[in-house]
Amino acid sequence: MGRVGYLGPDGSYSQLAAVNMCGDGELAPFARFTQGFKKLEEGYFDAIVVPIENTLNGGVVQNIDLLQASDAVAVRECTVKIDHRLATLESADLTKIKYIYSHQQALEQCGRYLTKNYPNAEVIPTFSTAAGLEKLASDEAACIAGAHTGREGIKLSEQCISDEKRNFTRFLLIRRGSVDETNKSSKIYFSLTCNNRTGALSELLLPIAANGLNMTKIESRPIKERPEEYRFFIETEGDYSSREVRKILEVVKAAAIEFKLLGCY
């Protein structure tokens, strides 16, 4: 696989996903998702790992848009259990915390806990959960980080502090190029646009249902600079190496205004 990028620094959930999917590869962090996609495009990375969906927050819309705009495809997926803990310096007094750092999604996923226990603390977003650990420079600071990020001098809460304990994030491994038709897959991910009229989308997707393919996800995103127009992102079960499955998608593609295959995994 070569060099694989993930949202850093070390200790992020993205790194966990990268190890899960590419443990034997060369792993390297990037600072922002836009940077990761840019370095993939430039050839610095052979592939990148990005979160695409969380069971609490839904789709990671920035990465959905970046994948749509890129010349890359998703080739593998994995799901990581999210176990948020409150992290502080070992010397910190938890009753005197004034600043709490973490990725915006982690802050949102622990919103009830923060409101109840630290209503007056300043909540400050960082690029990743692991980046919040670097902000622990005083006893007045805390961050939300993964249970797997324990290190010397840092104290983690004994229990998960997420508002919902069953919290999972799905990650995709994305590489440059197009889908290899010979690779077997369990799921197919694509986007399309259609006419803005009653029944247009259901007519487009009818061949999928009529041929027994199970659609596992659909979501819409507004199209930039085209007010009141939307692009639909759809995932269906299916083996893209099957000629019959590809024929079904060709029917959908022919009827759509725009169609893009985003990945098979």
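Let's start with one residue. Leaving aside residues up to four places away in sequence, N63 touches F33, F37, V50, P51 and I52. Keep in mind that this is a predicted model.

Where does N63 sit? It belongs to helix α3, which covers residues 61–69.

Next, is N63 buried or exposed? The cut-off for buried is under 20% relative accessible area. N63 has 0%, so it counts as buried.

Now look again at P51, one of the residues that N63 touches. There is a polar detail here. A polar atom of the N63 side chain lies 2.8 Å from the backbone oxygen of P51.

One more distance for N63. Find L172 in the sequence: it is 109 residues away from N63. In space, C-alpha to C-alpha, the two are 10.0 Å apart.

Strands of a sheet pair through backbone hydrogen bonds, and they can run parallel or antiparallel.

Take one pair as an example. Strand β6 spans residues 84–89, and strand β9 spans residues 141–146. These two run antiparallel. How many bridges join them? Four. To find the pair on screen, go to H84. Its bridge partner in β9 is G146.

Notes. Residues numbered from 1 in each chain as written. Predicted model: local features only at pLDDT ≥ 70, side-chain atom pairs only at ≥ 80, totals over all residues. Heavy atoms only, no water. Pairing = 2+ DSSP bridges. Buried < 20%, exposed > 50% of the residue type's maximum accessible area, 1.4 Å probe, protein only. Contact = heavy atoms within 4.5 Å. Polar contact = N/O pair within 3.5 Å; in protein donor to acceptor, adjacent residues only side chain to side chain.
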